[in-house]
Amino acid sequence: MLASLGAELLKLRKRPSTWVLACIWLTVTILLSYALAYALLANAPPPTVPQGTPKAQREQLREQQEAFREEQLEALYPENLVSNLTPGFSNLGPPLALILGALAMGSEYGWATFKTVLTQKPGRYAVFSGKLLALGIVLALLVVLTFAAGAVAGYVITALEGAPVGWPAAGELVRALGAGTLILATWAALGVLLATILRSTALSIGLGLVYSLVLETIILNLPIQNKVFQNVREFFPGQNSNFLANSFSGQSQGGFATPQQPVEASQAALVLLAYTAVCVLLAAFVFHRRDVT
Amino acid sequence: MTEGESPLTPLVETSGLGKRYGSITAVRDLNISVRRGEVYGFLGPNGAGKTTTLRMLLGLIEPSSGAAEVLGQEPGSPQGLQGVGALVESPAFYPYLSGRDNLRVMARYCGVPDERVAEVLGQVELAGRATDKFKKYSLGMKQRLGVAAALLKDPELLILDEPTNGLDPRGMADMRAIIRRVGHGERTVLLSSHLLGEVEQVCDRVGVIHRGELVIEGTVDELRGGGGILVKAEPLEEAQRVAAGLAGVEGAEIEDGMLVLDTDPERAAEINASLVSAGVRVSELRPLARSLEDAFLELTRGETV
């Protein structure tokens with residue numbers, strides 16, 4: 001399997017789409033989580049106060065706005081890295097990871113390269129596990145890079161504001177890295193499964209995106225008050241990605257505290273793990289059994 | 001070759017091998033054996049089941065019936081594939097990688113050091129274009145890269161599925177030269193080809209497959225048959241009458257203004273003397289050399305390759 005892992009890593013490293021996806025992810029994440037938020041806060045207009053408002057009240061409004069701004073700025077500081085960045089993994093993360101997983105598997109069918117690979121030496125399970133492991137390593141690296149980029153962005157904002165620099169607790173950071181990797185891995189595994197079943201990149205990406213961006217949203221927003229339906233909704237991968245990612249938000253010193261999650265982070269992680277395992281096992285079964293034509 | 005192993009020990013052996021796709025039978029009850037050190041030609045018209053057979057031998061598709069052994073192992077097993085290099089149909093590589101990087105990827109899969117990549121690139125005369133992206137390669141270069149990948153493990157068995165398919169005459173000549181070069185010595189080659197002339201020149205033994213079934217397996221000479229004698233004489237009808245009455249002549253037919261005798265070509269002088277003494281004027285008498293193509297067309301009932 002290590003031989004396959006080396007080959008898969010070489011392919012992913014040299015593949016332009018891997019770098020394009022990583023750049024898009026990092027750019028959008030830093031832009032939305034830091035650059036845009038800071039630009040808005042730094043250029044916030046003074047509060048509009050009706051004519052004739054007493055001076056004391058005007059002063060109070062100004063202080064309130066300043067306090068709010070300070071609170072929002074603190075959310076961007078490195079000490080709040082985890083709570084500021086982790087929610088992004090359940091927003092842009094799923095489609096990105098799904099595309100990466102579908103590309104890694106589906107392209108082999110599109111280019112018919114499985115016949116070349118499988119006539120070298122490794123068995124099918126070795127090829128498949130090497131591919132998954134390489135994908136996992138790339139996703140984990142992407143998560144680490146995201147937090148590193150977020151830390152740099154937060155540090156720059158702290159320096160611009162002349163605020164003291166603090167860092168998140170190591171344990172919390174590790175937990176966030178694990179949560180981010182798990183969310184991305186779940187969706188990448190779904191991409192791999194779709195590509196394996198459909199033996200196509202485009203179709204699997206299309207169907208995967210329709211599911212993650214459209215179906216999940218529709219199902220989760222259905223105005224059904226039935227208790228059983230609401231419980232069932234809590235087992236969808238998108239919903240659990242949100243639960244896990246948002247479980248870090250409440251620990252923020254500043255920013256908005258999210259409302260109480262209906263599902264514990266540990267339960268959400270278990271559900272995502274189960275989805276990942278099912279996708280991987282199903283894909284491995286289909287890949288092993290099916291003829292390479 | 002291991003101790004006690006005969007040169008005639010088959011490296012590839014199938015027994016009743018078959019593949020069905022629903023109601024369509026692609027390969028039926030196939031029994032072939034490829035011996036160590038030989039170049040075995042696998043011939044058949046389009047859709048005869050050649051590629052399906054080769055895919056079964058490489059473990060890419062599961063047989064519906066029968067069994068096969070490649071290097072004494074189950075097809076597709078890592079132990080068996082260790083000694084097998086293959087190029088199945090058109091060469092398939094990663095278009096965004098260079099030729100060299102494609103081979104580096106394949107070298108990692110089969111556990112071969114990167115140094116081997118340069119060697120095989122040299123063997124297929126692709127070293128000068130090794131850094132070009134695969135998607136920029138011509139068809140001939142792609143085929144050569146496919147052969148290079150097949151050679152990475154320095155395999156004792158090379159399986160090449162129509163390696164000259166789609167190439168221009170120059171590309172075909174180059175590929176033929178490469179096949180001759182890499183197929184010499186103790187290496188065994190299983191070559192599926194459309195090119196009968198090529199098979200005739202290169203292969204020691206040939207198996208002909210038609211509609212999924214093996215029609216014949218043997219040496220090229222065996223496939224051509226015993227031959228005969230071709231006679232140009234006047235009057236032709238008299239020559240036919242005289243020749244048909246000679247001992248050892250099993251048939252005398254007139255075809256395209258020539259007399260075709262079904263007999264041992266060694267008897268040419270004797271037959272000539274008999275015809276002349278019977279007053280027949282013989283202007284030409286030569287052994288009938290049936291080409292592999294004639295034999296092939298006869299075996300496959302005229303279907304084109």
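Predicted model: local features only at pLDDT ≥ 70, side-chain atom pairs only at ≥ 80, totals over all residues.
Trainee: Which residues are in contact with Ile159(B), leaving aside its neighbours within four places in sequence?

Mentor: Once the neighbours within four places in sequence are left aside, the residues in contact with Ile159(B) are Leu54(B), Leu57(B), Leu58(B), Val84(B), Ala86(B) and Leu190(B).

Trainee: How do α3(B) and α4(B) lie to each other, and what is the handedness of their crossing?

Mentor: The axes of helix α3 (residues 99-109) and helix α4 (residues 115-123), both of chain B, come within 9 Å and cross at roughly 125°. Because of that angle, α3(B) is oblique to α4(B). As for the handedness, the crossing in which α3(B) passes α4(B) is right-handed.

Trainee: How many charged residues has the contact of α3(B) with α4(B)?

Mentor: From α3(B) come Arg100(B), Leu103(B), Arg104(B) and Ala107(B), which meet Arg116(B), Val117(B), Val120(B) and Leu121(B) in α4(B). By class, this contact has five nonpolar residues and no polar ones, and the number of charged residues is three.

Trainee: Which element gives the most to the side of chain B that touches chain A?

Mentor: The contact takes 24 residues from chain B and 24 residues from chain A. On the side of chain B that touches chain A, the elements giving two or more residues are α2 (78-81) and α3 of chain B. The residues of that side divide into 18 nonpolar, two polar and four charged. The element that gives the most to it, with six residues, is α3(B).

Trainee: How do α11(A) and α12(A) lie to each other, and what is the handedness of their crossing?

Mentor: Helix α11 (residues 237-246) and helix α12 (residues 265-289) of chain A pack with their axes 8 Å apart, at an angle of about 140°. The two helices α11(A) and α12(A) are therefore oblique to each other. The handedness of the crossing of α11(A) and α12(A) is left-handed.

Trainee: How many residues of the contact of α11(A) with α12(A) are nonpolar?

Mentor: Pro237(A), Asn240(A), Ser241(A), Phe243(A) and Leu244(A) are the residues of α11(A) here, and they meet Ala265(A), Ala268(A), Ala269(A), Val271(A), Leu272(A) and Tyr275(A) in α12(A). The division by class gives two polar and no charged residues, while the nonpolar ones number nine.

Trainee: Is Leu71(B) buried or exposed?

Mentor: Leu71(B) has its place in the loop between β5 (65-70) and α2 of chain B, and its phi is near 55°, a positive value in a residue other than glycine. Because 20 other C-beta atoms lie within 10 Å, Leu71(B) is buried.

Trainee: What does Asp29(B) count as, with 15 C-beta neighbours inside 10 Å?

Mentor: Asp29(B) is placed in strand β2 (residues 24-30) of chain B, and its phi is near 45°, a positive value in a residue other than glycine. Because it has 15 C-beta neighbours inside 10 Å, Asp29(B) counts as partly exposed.

Trainee: What is the omega of the peptide bond from Glu234(B) to Pro235(B)?

Mentor: Pro235(B) lies in the loop between β11 (228-234) and α9 (236-244) of chain B. The peptide bond from Glu234(B) to Pro235(B) is cis, and its omega is near -10°.

How values were computed. Residues numbered from 1 in each chain as written. Chains lettered and ligands numbered in written order. Contact = placed C-beta atoms within 7 Å. Axes fitted to C-alpha atoms, helices over the stretch in contact; angles between N-to-C directions. Helix = DSSP H or I, 4+ residues; strand = E, 2+ residues; numbered from the N terminus. Parallel < 35°, antiparallel > 145°, perpendicular 65-115°, else oblique. Left-handed = near helix turned anticlockwise from the far one by under 90°. Nonpolar A, V, L, I, M, F, W, Y, C, P; charged D, E, K, R; others polar. Buried ≥ 20, exposed ≤ 12 C-beta atoms within 10 Å, placed from the backbone.
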